Amino acid sequence: MKQRPRQAFLEKGLRRIAIAVVTGFVGVCAYPVSSHAQTIRIEATTTAMDWNAVALAGGHVFVAGPRWSGFSGPAVGLLTKNGRIEPFPDADWNGWQPGRHATHRFVSVNALHVAPDGTLWVVDTGTPSFGGAPIPEGAKLVRIDPATGHVLRIYPLGPEIAQAGSYIDDIRFNGPHAYLTDADKAALIVLEALLHNSCC
């Protein structure tokens, strides 16, 4: 089966977003507005990247976007009070390019999630192109202190976990375990994520 061109994929995604927005708008209009209702306000916008993840942790707003969607970085960003996007935890983590080691750099981030202990978890698919294979040491989970930017631990997802064709795309927590989905292999990955501070 032929893969559809990237443009068709993005247009379909935009149509879905538009439908969701219209549906949400109709739902809101169907009910009377409470005097205590909160208004929606725009915190930040960008034309530099497609955000597919947002997380609120440690009083900060973090965003992320995948490399295959027209990446111009950063892979993970911290929204500043003036609306700028700063690379998080630093520029080097966001500076991966083909040929560079991927162990301590984001290749293509698909999800951000805040664990019960307040730490920020970054899901790196390790795939520079949509539908491509993870590069060596590219697929990983990165646990970060959101207040300091200190990387607490890196969980490599080697070829026995992130196999050829894998697309690790999200994470959730329950007790001491983390559960990750592999969207391409239709698999569930279970990690014993003991949430204690440790060096990477």
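Tutor: Contact means heavy atoms within 4.5 Å. Keep in mind that this is a predicted model.

Student: Which residues does Val122 contact, leaving aside its neighbours within four places in sequence?

Tutor: They are Val76, Phe106, Val109, Ala111, Leu112, Lys140, Leu141, Val142 and Ile144.

Student: Where does Val122 sit among the nonpolar cores?

Tutor: In the largest one, which has 19 residues. Val122 is among those with the most contacts inside it, along with Val76, Phe106, Val109 and Leu112. Strands giving two or more residues to this core include S3 (76–79), S5 (109–114) and S6 (120–124). S1 gives the most, with three residues.

Student: What makes Phe62 buried?

Tutor: Buried means under 20% relative accessible area. Phe62 has 0%, so Phe62 is buried.

Student: And why does Phe88 count as buried?

Tutor: Its relative accessibility is 6%, so Phe88 falls under the 20% cut-off.

Student: Why is the pair of Phe62 and Phe88 called tilted?

Tutor: Ring centres must lie within 6.5 Å to pair. Planes under 30 degrees apart are stacked, and over 60 edge-to-face. Here the centres are 4.6 Å apart and the planes are at 55°, so the pair is tilted.

Student: What does the pair of Phe62 and Phe88 tie together?

Tutor: Phe62 lies in strand S2, and Phe88 in the loop between S4 and S5, so the pair ties together parts 26 residues apart in sequence.

Student: How do you know that Trp93 and Phe106 form a tilted pair?

Tutor: The distance is 4.9 Å centre to centre, with 40° between the planes.

Note on methods:
Residues numbered from 1 in each chain as written. Predicted model: local features only at pLDDT ≥ 70, side-chain atom pairs only at ≥ 80, totals over all residues. Heavy atoms only, no water. Core = buried A, V, L, I, M, F, W, Y, C linked by side-chain atoms within 4.5 Å. Buried < 20%, exposed > 50% of the residue type's maximum accessible area, 1.4 Å probe, protein only. Helix = DSSP H or I, 4+ residues; strand = E, 2+ residues; numbered from the N terminus. Phe/Tyr/Trp six-rings, centres within 6.5 Å; stacked < 30°, edge-to-face > 60°.
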